[in-house]
Amino acid sequence: QVQLEESGGGWVQPGGSLRLSCVASGSILSMLAMGWYRQAPGKQRELVAVISSGGSTNYAVSVKGRFTISGDNVKRTVYLQMNSLKPEDTAVYYCNADLATFDSGTYHDYWGQGTQVTVSS
């Protein structure tokens, strides 16, 4: 059993900042990557940022230079620092982890429940 627990969402004015956190727990054998996706009302879920276990990062074009993803392999935690937030960043943000469990031994995607981020004045 694997759980991804997100925290840090909320409401912020345009130009403000928020920091999201996600902790993975359970019978985790190995992790390849963790990341953040978001889904705005009426839109498809999209990649925001991802970080591999080796520290390589990838960002959506729309958030480059404003968002920073970081991770702690020991704590199995991923963070998303979001600065200069815009109304178009409003969405439910989902934590994702590509990991293998002791039970299966194979890699699968796991998702958190999502945390709401609202940017408005």
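**View 1. Where the charges sit in this predicted model.** The 9 positive and 9 negative charges of the chain have mean positions 8 Å apart. Here Lys and Arg count as positive and Asp and Glu as negative, with His and the chain ends not counted. Each charge is placed at NZ of Lys, CZ of Arg, CG of Asp or CD of Glu. This is a predicted model, in which local features need pLDDT of at least 70 and side-chain atom pairs count only at pLDDT 80 or more, while totals for chains, interfaces and linings use all residues. Residues are numbered from 1 along each chain as its sequence is written, and side-chain values use heavy atoms, with hydrogens and water left out.

View 2. You'll find 11 strands and zero helices here. Both are DSSP runs numbered from the N terminus: helices are H or I with at least four residues, strands are E with at least two. The C-alpha trace spans about 45 × 25 × 20 Å along its principal axes. Of the 121 residues, 39% are buried, meaning under 20% relative accessible area with a 1.4 Å probe and protein chains only (exposed is over 50%, partly exposed in between). Among contacts with a separation of 6 or more, 57% join residues 24 or more positions apart; a contact means heavy atoms within 4.5 Å.

**View 3. Arg66, a charged side chain tucked into a loop.** Arg66 sits in the loop between strand 6 (57–59) and strand 7 (67–72). Its relative accessibility is 11%, so Arg66 counts as buried. Look for two backbone oxygens by its side chain: that of Ser62 lies 2.9 Å from a polar side-chain atom of Arg66, and that of Ser84 is reached at 2.9 Å. Both are polar contacts, that is, pairs of N or O atoms within 3.5 Å; within protein, one must be able to donate a hydrogen and the other to accept it, and residues adjacent in sequence count only if both atoms are side-chain atoms. Leaving aside neighbours within four places in sequence, Arg66 also contacts residues including Gln81, Met82, Leu85 and Asp89.

View 4. Val119 belongs to strand 11 (residues 115–119). At 3% relative accessibility, Val119 counts as buried. Trp11 is 108 residues away in sequence, yet the two C-alpha atoms are 5.9 Å apart in space. Not counting residues up to four places away in sequence, Val119 touches Val12, Gln13, Pro14, Leu85, Lys86, Pro87, Asp89 and Thr90.
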